[in-house]
Amino acid sequence: AARKATRSPSPCRGNPAGVALWFFAFARGSREPAGLISLMPRQMYFGGKPKRVGVLGDYIVTKKYRVFGPGLLLPKTVLEEYPSLGFDGLYTVPNAESRKIMERAGMTESITLRHLIKPVALQSYLKGRPAGGLLAAVAAPPGDLALRFLSRDTYGRPQGIVREERSVDESFD
């Protein structure tokens with residue numbers, strides 16, 4: 001059975017939107033953990049107005065309980081409880097294994113995120129591979145040079161206004 005969130009200090013004590021809330025599920029009639037899900041508060045602006053939004057994450061169900069029960073009960077409980085906890089909305093970025101469960105719990109897809117990355121230096125990416133030390137030492141320098149020549153960033157100008165923010169306050173949207 002899923003229990004209501006408890007407010008406890010979060011490792012993210014500096015979050016201006018508040019501390020994370022955790023929902024725990026235990027096997028019926030025991031203290032055996034079955035799963036958990038977290039709700040991290042985030043302040044976002046919609047139409048220039050601040051909204052307190054929750055980010056669903058840290059969704060874990062122990063192997064023994066993945067077929068029935070807590071796998072669906074945890075996100076459903078959060079969906080039922082988030083307005084009473086002071087949130088205006090929710091979002092999550094589910095992995096392939098949890099996507100269908102989130103949909104069955106009642107979450108709908110609003111937008112699709114695209115992940116665009118640009119390797120800055122290949123050496124750190126190659127070190128974690130088998131034979132990574134040698135591969136990183138030999139392949140990284142010519143690979144970095146090839147990426148620099150192939151990158152649009154080398155030849156093109158960025159569109160729009162680009163600047164680096166050194167600090168973030170309530171005006172940052």
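How much space lies in the largest pocket? About 750 Å³. Keep in mind as you look around that this is a predicted model.

**Stop one: the pocket**

Start by selecting Tyr 91, Thr 92, Thr 108, Ser 110 and Ile 111, which are the closest to the pocket's centre among the 24 residues that line it. Next, colour β3 (33-46), β5 (89-92) and α2 (99-105), the elements that each give two or more residues to this lining. If you colour the lining by class, you will find 13 nonpolar, seven polar and four charged residues.

**Stop two: Ser 38**

Now go to strand β3 and select Ser 38. Is Ser 38 buried or exposed? Ser 38 counts as buried because its relative accessibility is 4%, below the 20% cut-off. Show its surroundings and, leaving aside residues up to four places away in sequence, you will see that Ser 38 touches Leu 21, Trp 22, Val 55, Leu 56, Gly 57 and Asp 58.

**Stop three: Asp 58**

From that list, pick Asp 58, whose side chain is joined to the side chain of Ser 38 by a polar contact of 2.8 Å. With 45% relative accessibility, Asp 58 counts as partly exposed, whereas Ser 38 is buried. Before you leave, check the backbone here: phi of Asp 58 is near 50°, a positive value in a residue other than glycine.

Definitions and conventions:
Residues numbered from 1 in each chain as written. Predicted model: local features only at pLDDT ≥ 70, side-chain atom pairs only at ≥ 80, totals over all residues. Heavy atoms only, no water. 1 Å grid on protein atoms, 1.4 Å probe; cavity = no way out; pocket = protein on both sides within 12 Å on 5 of 7 lines; lining within 4 Å. Points joined across faces, edges and corners; volume = space filled by probe spheres on them. Helix = DSSP H or I, 4+ residues; strand = E, 2+ residues; numbered from the N terminus. Nonpolar A, V, L, I, M, F, W, Y, C, P; charged D, E, K, R; others polar. Buried < 20%, exposed > 50% of the residue type's maximum accessible area, 1.4 Å probe, protein only. Polar contact = N/O pair within 3.5 Å; in protein donor to acceptor, adjacent residues only side chain to side chain. Contact = heavy atoms within 4.5 Å.
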